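User: Hello! I am new to this structure and would like to learn how to read its features. Could you guide me through a few?

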Amino acid sequence: MKPTQPGDIIRVSVLRLTEAGSTYIVIWQTQGYTINQERTQMNGSLDISTDISQSRWNAGGWFGGAIGSSAWMVIIACFLIGFDQTGLAIVPVICFAITMTAAVMIWYCRARISVASGMLTLIGVLTFTIPITWFSTSLFANDAVRASMNWPSSPIATLLVLFTAPAVGLWMLFVETRRTS
C-alpha cells in the first residue's frame, strides 16, 4: 500500500445495518475521501437504496428475473416437442413470449415508471402466464411426458402455482403503500 499524499482520493467501503420499519436491511456503502493537509473531506457517496420504489433499473437484474421466472416454460415446451406434442408445446412458448415481450416493453418504459411499478406489472403478467402453462400441461400432456418431467400430481403444487405470483404482487403492493403513507 503506497502512502497517501494531499489531493489523493481514497475509497472506504462500509457494511452497515439499517432499520426499515420492523425489518433490518444490510447496506453496502462506498464513500470517497480527498486527502487535504488540514483535514479529510468527503467528496462523494454511493448508497444502495433500501426501498423497492427507490431501486434503480438494472438490465441484468430485470432480465435475469424475467427469464428466471419463465424459462421453465421453454423447458416444458422442449419436453412436449420431444414427445410429439408440438401443438401443445405452442402454449408454453406463447406464454414465455408474452412474459418476455412484457419485460422488454416495461424496460423501454423505465424512464417513465418506477421499478416497483414495473415489477408489479410483470408479476401481473406472470399471474396469467404461469397458470395457463401449468394447467395446459397438467390437463393435456400425455402421461409419458408428465412422467419424464416428474410432474407433481399434488393439489398443493397446483395451489402454489395459482397463488404464488399474486401473493408476491400483493405483498409488494402492501409494502409500497405502507412506505408511501
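Analyst: Gladly! Keep in mind that this is a predicted model. Let's begin with an aromatic cluster, made up of Trp57, Trp62, Phe63 and Trp107.

User: How should I read a pair of aromatic rings?

Analyst: Two things describe such a pair: the distance of the centres and the angle of the planes. In this model, 4 aromatic pairs are counted. Take tryptophan 57 and tryptophan 62: their ring centres are 5.1 Å apart and their planes stand at 65°, so this pair is edge-to-face, as the angle is over 60 degrees.

User: Is tryptophan 62 buried or exposed?

Analyst: Tryptophan 62 has 7% relative accessibility, so it counts as buried. Tryptophan 57, with a relative accessible area of 21%, is partly exposed.

User: Which residue has a positive phi although it is not a glycine?

Analyst: Aspartate 84 is one of them, with a phi of about 60°. Look for aspartate 84 in the loop between helix 1 (59–82) and helix 2 (86–108). Its relative accessibility is 71%, so aspartate 84 counts as exposed.

User: And where is asparagine 150 found?

Analyst: Asparagine 150 sits in the loop between helix 4 (143–148) and helix 5 (155–180). This non-glycine residue has a positive phi of about 55°. With 65% relative accessibility, asparagine 150 counts as exposed.

Technical notes:
Residues numbered from 1 in each chain as written. Predicted model: local features only at pLDDT ≥ 70, side-chain atom pairs only at ≥ 80, totals over all residues. Heavy atoms only, no water. Phe/Tyr/Trp six-rings, centres within 6.5 Å; stacked < 30°, edge-to-face > 60°. Buried < 20%, exposed > 50% of the residue type's maximum accessible area, 1.4 Å probe, protein only. Helix = DSSP H or I, 4+ residues; strand = E, 2+ residues; numbered from the N terminus.
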